[in-house]
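This report is for a reader meeting the structure for the first time.

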Amino acid sequence: MKSLGSIRRDFAPWNDPNAKPYIQFDNVTKKFGDFTAVNNLSLTIFEREFFALLGASGCGKSTLLRMLAGFEEPTAGRILLDGQDLRGIPPYRRPVNMMFQSYALFPHMTVENNIAFGLKQDGMPKPEIASRVAEMLKLVKLEQFAKRKPHQLSGGQRQRVALARSVAKRPKVLLLDEPLGALDKKLREETQFELMDLQQNLGLTFVVVTHDQEEAMTMADRIAIIDKGEVMQVATPAEVYEAPGSRFVAGFVGNVNMFEGKIARGEAGSASIDAGNGITIRTDNAGTAGAGTAVTFAIRPEKIKVSSKKPAEAVNAIEGEVYDIAYLGDMTVYHVRLDDGQVVRASTMNAARITEDPLSWNDRAWVSFRPDAGVVLTR
Amino acid sequence: MSSAAVTTASASPASNAGKSILARLGAAFVGRLVIIIPYVWLLFFFLIPFVIVFKISLSQTAIAIPPYTPALDFSGGISGFLAQLKQLSLDNYTWLTQDALYFNAYVTSVIIAAVSTVLTLLVGYPIAYGMARAPATIRPTLLMLVILPFWTSFLIRVYAWIGILKPEGLLNQLLLATGVIHQPLIILNTYTAIFIGIVYSYLPFMVLPLYSALEKMDYSLIEAAKDLGCPPTSAFWKITFPLSLPGVIAGCLLVFIPAVGEFVIPDLLGGSQTLMIGKTLWNEFFANRDWPVSSAVAVILLLLLIVPIMLFQRAQARAQEMDR
């Protein structure tokens, strides 16, 4: 069985035409004065999905989250949650909770009072609040810190309190605004997996805003890539990486080599691309692009092989000179300058400790790749 | 850079050991000196004046210069000085308890100051809140407007209120002209005028600490409260107000403490029949030339105010605790 990327998904309501959308952005526009933060955007999120809004800062992703929470109202368009139009419903009556980037823990309350705050607002009976708080503290492993004030906790512990507080009310949707942004790298990686487990165990719908593509790739079922208030692509992490829909997405997520060119001839998805300077690329992924179309051929570094001799069986092989080598332990990154001056980035897994065909700086080398390794982009 | 700093730090104990004991004592003295300066300041500008006032309060009034006896001097040697000390007595304090005038003046002052403080808080809180929530670009201007009245003399500003509040003053003219009232309101020379005067004069002392407490508050806390199901009014009482409490306490004490001993406002706006301790003190000192009794009044006033000052310091310590 073939699959894009290396994982197989059983949870994929977005492929089911009968699945009912849980959150719907319908042609939503949000303007702040002259500035358009969100531009006629439509988006569908399904129940129990872990959905990531990925984009550079200022792209409008946080505005989307704040509109869902009720802190901002759309200028035009509507937002539906479980079939209900959210327009005019104030944040304190929405069945969503948010985990703030700054955590926004109440500094004058203890950890347990912070967690209990939302439950008290709902008028939950005291014994029930106590047991729910205890449950939440156990969930985030902060039982012995219940009586502490936020300023007596470390950054990672505060993040857990913020998380516990935002899930304590069992919201229909949990919104997370850069949830791991303030943590150091190691803690961030651990917490990514904890968040995924938490989402699985509680069965909640998570919408996370992040600028960190690795974070989005690790945690999310699907990623929406946002740029200048518009959705560039919504897809699973593997699709975003292996089948980007545009030059922007290909360049935004991960590293990529791009060749500009024209389709020379093509039939049934296969095509030859004339990339200039005598370089011809043969690909199986040309899609519907016909002869003469200006296209970009995009290929990921790990799909390019570097060798000192031209591989005999290679369909695509281009000659150049090794310009830079970075040895990273688990892999080695080569920068090869082609004869037309373009630099190609290729990475090789160091699966063995000893290399048969070592390359050095300024060596002549061949970069080669299979016809199905890259994608053809027309946008 | 950091490794260099580490090296010096680890090297310093060794070089210290090499220094002479004298040099180390010298360094210790310089360190002490820095701590001593504020104490010397307090000694000269607070403790010594207080001891002088306290000593006068134990003396007897006399027709002399200075107008009390004994005037301590060392002309009679140590024994003469000790004899003078024996003349000191608590008579003036006993006197304060015998005349109800003083007790009433203290009580009235505290009540007027307390009511004025509450009124100033009620007026000042919305101002400070509005300033703290205003766009960051206009906040310095608003702050300037609060401080601006300080640039004119306090006395002149209080005088100006006479022109506004008197029966034929600006306020009455306006209200009569617009038909709101048909008889001029009698405000001047009443307690109302004192409240207006105190609220007006001390408003900046209330607004500034409140503003600084509210301004540093993270607005996302309010959003978090709303997000968790808390309507705006409730969010104010559960989050904003408790977090601004250090500012509320600081502002209230900055208004209450000087308002208790206030003299100018009750004298100019309150008329002759108002009884406040500041006016009583002035009368004893200048009208009766009774320095010992007025000193006793001042000492009691000071003791009365030490309690709120201590509360103030505790509030400040708590605010610092919260910042950490």
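Strands, as the word is used here, are DSSP runs of E at least two residues long, numbered from the N terminus, and two strands pair if DSSP finds at least two bridges between them. The model described below is predicted.

## The antiparallel sheet of chain A

With that definition in hand, the hairpin of β1(A) and β2(A) can be described: two residues lie between the strands, and Gly33(A) takes a positive phi near 65°. Strand β1 of chain A, residues 23-32, runs antiparallel to β2(A) and is joined to it by seven bridges; Ile23(A) stands opposite Ile45(A) of β2(A).

These two strands belong to an open sheet of four strands in chain A, ordered β2-β1-β4-β5, in which the pairing is antiparallel. The edges are taken by β2 (35-45) and β5 (84-85) of chain A, and each has a single partner strand, so one side of each is left without a neighbour in the sheet.

## The mixed sheet of chain A

Chain A also holds an open sheet of six strands, in the order β6-β7-β8-β3-β9-β10, and here the pairing is mixed. Its edge strands are β6 (96-99) and β10 (230-235) of chain A, each of which has a single partner strand, so that one side of each is left without a neighbour in the sheet. On average, with direction ignored, neighbouring strands of this sheet are turned by 20° against each other.

Within this order, strand β7 (residues 173-177) and strand β8 (residues 205-210) of chain A pair in the parallel sense over five bridges, and Leu176(A) has Val208(A) of β8(A) as its bridge partner. Helix α4 of chain A, residues 155-167, packs on the sheet, where it touches β6 and β7 of chain A, and the direction of α4 makes about 175° with that of β6(A).

## The two domains of chain B

The domain assignment divides chain B into domain 1 (18-86) and domain 2 (91-323), and the C-alpha centres of these two domains lie 35 Å apart. Nine residues of domain 1 of chain B are in contact with nine residues of domain 2 of chain B. On the domain 1 side, the elements that give two or more residues are α2 (21-57) and β1 (60-61) of chain B, with α2(B) giving the most, four residues. The residues of that side divide into five nonpolar, four polar and no charged.

According to an unreviewed UniProt entry, the annotation "domain: ABC transmembrane type-1" covers residues 106-312 of chain B. In the model this span is 76% helix and 0% strand, and its end C-alpha atoms lie 21 Å apart.

## Where the chains meet

The contact between the chains takes 16 residues from chain B and 18 residues from chain A. On the chain B side, α10 (220-227) and α11 (232-260) are the elements that give two or more residues, and α10(B) gives the most, with six residues. The residues of this side of chain B divide into nine nonpolar, two polar and five charged.

Note on methods: Residues numbered from 1 in each chain as written. Chains lettered and ligands numbered in written order. Predicted model: local features only at pLDDT ≥ 70, side-chain atom pairs only at ≥ 80, totals over all residues. UniProt positions renumbered as here; feature names shortened; annotations may be inferred. Domains from an automatic or database assignment. Contact = placed C-beta atoms within 7 Å. Nonpolar A, V, L, I, M, F, W, Y, C, P; charged D, E, K, R; others polar. Axes fitted to C-alpha atoms, helices over the stretch in contact; angles between N-to-C directions.
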